[in-house]
Amino acid sequence: MSINITRRSFAALVGGTAITAALPIRYAHAAEYTFKIGTNVPASHPLNVHLSKAAEQVKTETNGQFELQLFPNNQLGADSDMLSQLRSGALECFLNSGVNVLSTLVPAAAISGVGFAFKDYPAVWNALDGKLGANLRGQVTKSGIVVLDKVWDNGFRMITNSAKPITQPDDLRGMKIRVPVSALWLSLFKALGAAPTGMNFAEVYTALQTKVVDGQENPPAIIAAAKLNEVQKYASVTNHMWDGWWFLMNRRAWSQVPPNLQETVAKILNNACLAQREDVAQQNISLRKDLAAAGMVFNDVDPAPFRAKLSEAGFYKEWRGKFGEEAWSLLEESAGKLA
Ligand code: X2X
């Protein structure tokens, strides 16, 4: 991908892509089931690239009976709005992590976001494709929302800001940093000594540009797709949290779809997710070079003092209590001891 196009031409590109995806050009008859999908990242992000491909495949394999219309980049509103729309039925599908605004509705689903839990991707997929993932989907289902089996990769997160490289917890002291709207995220950065603000991703670029906040944290694929490198200088590779998107659906809308069609659509989406994971993992490595070429200054970070600071602050103890022993032990099966 090119990371030096302007934000304006990029917005035009994003708009154009959505219109193309939404035009029912292939089939003479209208689809019987039309589901809108809302996401919070730009069209060029692998999340949307693979959702868009899946939408094509769904159309073909269902002979135009089922149509997915993709609305990337908060076109339908910010995450908090999309969650409300999903619940009311105004939006059929929404991609969100259990750690993000979904956690305001299902607090237990945030457990995958515990700070410095997963060391690497094998640990992540072992948990999320395994028992922990099943447990989390159970919690989401209980809240009345349908969730597909596979979680789409966002990646390991790093901290960006415009003042200085972050190499140790002290560098974060008092830093105004944007985090998603989530109790766990706020707690994590408070425990690290920063001054976090919960904010939807839709507002992040402007908040950084106008210096409402000094920093934010996200993986390289998002920094590049949303051009955050235009308003951030330093990228500190803390890997303090892995995050991904659950494919959420409105229960009423989904229950009107016949089971054989449900099966076809779910299978295509879950398979597309596996391809998306490969792309994201690859991009999160290759983009470091591209972002550095575009002027970002990267530094690697030893996580040990950050984890120690969280322990001292009682972060692990507090969240173990909140999530409960059963969920915590499922997390530790993949992540190792967290204290
Ligand atoms: O809001 C964010 O920072 C994002 C896009 O990474 C998530 O959806 C968690």
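## Close-up views of the predicted model

View 1. A search of the whole structure finds two cavities of 30 Å³ or more. On a 1 Å grid over the protein atoms alone, a cavity is a set of points where a 1.4 Å probe fits but cannot get out, and lining residues have an atom within 4 Å of a point. Grid points are joined across faces, edges and corners, and a volume is the space filled by probe spheres set on the points. The structure is a predicted model, in which local features need pLDDT of at least 70 and side-chain atom pairs count only at pLDDT 80 or more, while totals for chains, interfaces and linings use all residues. Residues are numbered from 1 along each chain as its sequence is written, and side-chain values use heavy atoms, with hydrogens and water left out. By class, the lining of the largest cavity holds five nonpolar, six polar and four charged residues. Ala, Val, Leu, Ile, Met, Phe, Trp, Tyr, Cys and Pro count as nonpolar, Asp, Glu, Lys and Arg as charged, and the others, Gly among them, as polar.

**View 2. Domain 1 (7-106 + 119-153 + 244-283) and domain 2 (158-240 + 295-335) divide the protein.** The domain bounds come from an automatic or database domain assignment. The C-alpha centres of the two domains lie 25 Å apart. Across the boundary, 25 residues of domain 1 are in contact (heavy atoms within 4.5 Å) with 22 residues of domain 2. Both domains give residues to the lining of the largest cavity, so this cavity lies between them.

**View 3. The largest pocket has a volume of about 260 Å³.** A pocket is an open set of grid points with protein on both sides within 12 Å along at least five of seven lines. Of its 14 lining residues, F156, V237, N239, N284 and I285 lie nearest the centre. Helix α11 (residues 259-293) supplies the largest share of this lining, four residues. Helices (H or I, at least four residues) and strands (E, at least two) are DSSP runs, numbered from the N terminus. The lining comprises eight nonpolar, two polar and four charged residues. Domain 1 and domain 2 both contribute to it, so the largest pocket lies between them.

**View 4. Helix α3 (residues 79-88) has D79, M82, L83 and L86 as its buried residues.** Seen down the axis of α3, these residues fall within an arc of 105 degrees, so they line one face of the helix. The arc is that of the directions from the helix axis to the C-beta atoms. Buried means under 20% relative accessible area, exposed over 50%, and partly exposed in between (1.4 Å probe, protein chains only). The buried residues of α3 pack against β1 (33-38), β3 (93-96), α4 (102-105), β4 (145-147) and β11 (242-250). Just after α3, G89 takes a positive phi of about 100 degrees.

**View 5. I268 belongs to helix α11.** This residue is buried, with a relative accessible area of 3%. Leaving aside neighbours within four places in sequence, I268 is in contact with A54, Q57, V58 and E61. I268 and T62 are 206 residues apart in sequence, yet 11 Å apart in space, C-alpha to C-alpha.

**View 6. P107 lies in the loop between α4 and α5 (121-128).** P107 counts as exposed, at 53% relative accessibility. The C-alpha atoms of P107 and L331 are separated by 15 Å, the two residues being 224 residues apart along the chain.
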